[in-house]
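Dear colleague,

Please find the structure below, handed over for your work. My findings follow after it.

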Amino acid sequence: MRFALVLTAVIAAAGCSGVSPLAPDVEYENGPGDGPIRYVVHVSVDGLRPDAVTRQLSALPAFARLREQAAFTDNARTDPDYSNTLPNHTAQLTGRGVTGPAGHAWDTNRDPDPTVTLHSNRGRYIASVFDVAHDHGLRTGLYASKSKFALYDRSYGASHGAPDATGPNDGRDKIDTFVYDSDTGDLVRQLVADLRAEPYGYVFVHLRDPDSAGHAFGWRLWSWHPYMRAVRRADARIGEILAAIDSDPELSGHTALVVTADHGGTGHHHGAGEREHYTVPFYLWAPGVEPGDLYALYPNAFADPSDLRPGFGGDLQPVRNGAAGNVSLALLGLPPIPGSTISMAGTLLVAPDDAPTTAAQPVTPER
Ligand SMILES: [Zn+2]
């Protein structure tokens with residue numbers, strides 16, 4: 001019952017006026033985007049193992065800052081069955097697992113055929129974080145460093161995106177700006193310039209460097225190793241995003257950063273049932289969010305999975321990277337993604353003492 005009340009509060013905040021779930025005393029005067037958090041930057045670091053961060057934390061100023069200021073864990077989980085790039089990023093963006101009746105069903109990791117969308121593959125429309133943000137009038141962006149992310153630009157573009165049935169018609173193209181650049185230095189420079197010109201309500205940023213180094217040279221944790229150097233590059237990119245937020249009065253104090261990964265790796269690969277493949281970090285840095293270890297802060301809401309890889313069935317779920325899209329929306333005072341099943345928004349948006357006793361989430365209605 002308590003959980004239902006919390007979720008109701010989160011959903012109610014998405015109306016034209018309501019109460020911010022983060023700061024109950026703050027009223028939204030003009031609807032979503034008028035609460036304490038107006039902007040969310042969601043970063044996924046491809047192939048980032050949490051122990052590649054902890055082993056060289058003194059060389060990673062951005063991650064060191066997040067570990068001081070964010071609610072986080074080094075023991076979040078990917079989908080129970082898949083730990084590779086497109087299936088797991090699709091989970092982050094849709095709030096669905098890969099398989100089963102509620103799954104998004106995108107289980108391959110190749111550059112997709114240019115005629116295929118997430119919807120044609122599934123046989124029905126699969127809504128995303130972009131749908132909810134854009135349909136509520138927010139500006140959205142996707143900055144990707146692998147060409148296969150064109151799948152999302154196509155699935156949520158003007159031809160294949162769903163009609164907007166929410167409030168004013170914001171159109172079918174759910175992603176206002178799509179940028180692909182394999183050089184993450186250039187990619188983030190472009191992002192920062194675009195943020196300064198006009199902030200995004202929600203923007204997703206994909207940093208490929210650790211995965212690319214891992215495949216080429218191996219997921220090795222020696223500080224001189226190319227994989228660890230790539231993690232330092234990813235840290236620098238996140239540092240540039242943090243600096244852009246700090247230095248802009250429009251963004252500072254009003255922007256949340258969600259940082260996670262799609263998977264880890266061992267040897268020269270990932271995607272198997274190894275702990276180093278399915279263990280990912282999850283950071284939530286936002287005004288009003290209590291910093292600390294997520295499992296310690298919310299012992300009744302999440303179950304630390306130790307070395308295991310639990311399925312979606314249990315009541316007490318691990319923190320999952322697939323919650324990133326729904327967490328982003330809740331921070332903005334928006335409802336969850338239609339059809340999504342992975343979320344912890346109702347948990348993280350209340351003080352730890354008031355957290356519900358389960359992280360299991362209802363399936364929201366399909367449209
Ligand atoms: Zn990979």
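A residue is called buried here if 20 or more other C-beta atoms lie within 10 Å of its own. Please note that this is a predicted model.

By that criterion, 8 of the 8 residues of helix α13 (residues 324-331) are buried, so the helix is largely enclosed by the rest of the structure. The buried residues of α13 are A324, G325, N326, V327, S328, L329, A330 and L331. Just after this helix, G333 adopts a positive phi of about 80 degrees.

A helix pair also deserves a description. Two packed helices are described by the angle between their axes and the distance between the axes. For helix α9 (residues 209-217) and helix α10 (residues 226-247), the axes come within 8 Å and cross at roughly 170 degrees. Angles over 145 degrees count as roughly antiparallel, and α9 is therefore roughly antiparallel to α10. On the α9 side, the contact is made by D209, P210, S212, A213, G214 and F217; α10 contributes P226, Y227, A230, V231, R233 and A234. The residues of this contact comprise 8 nonpolar, 2 polar and 2 charged.

Turning to the strands, there is an open sheet of 8 strands with mixed pairing, in the order β6-β5-β7-β3-β8-β9-β4-β10. Its edge strands, β6 (177-180) and β10 (292-293), each pair on one side only. Within the sheet, strand β3 (residues 39-45) and strand β7 (residues 202-207) pair in the parallel sense over 6 bridges.

Yours sincerely

Notes: Residues numbered from 1 in each chain as written. Predicted model: local features only at pLDDT ≥ 70, side-chain atom pairs only at ≥ 80, totals over all residues. Buried ≥ 20, exposed ≤ 12 C-beta atoms within 10 Å, placed from the backbone. Helix = DSSP H or I, 4+ residues; strand = E, 2+ residues; numbered from the N terminus. Axes fitted to C-alpha atoms, helices over the stretch in contact; angles between N-to-C directions. Parallel < 35°, antiparallel > 145°, perpendicular 65-115°, else oblique. Contact = placed C-beta atoms within 7 Å. Nonpolar A, V, L, I, M, F, W, Y, C, P; charged D, E, K, R; others polar. Pairing = 2+ DSSP bridges.
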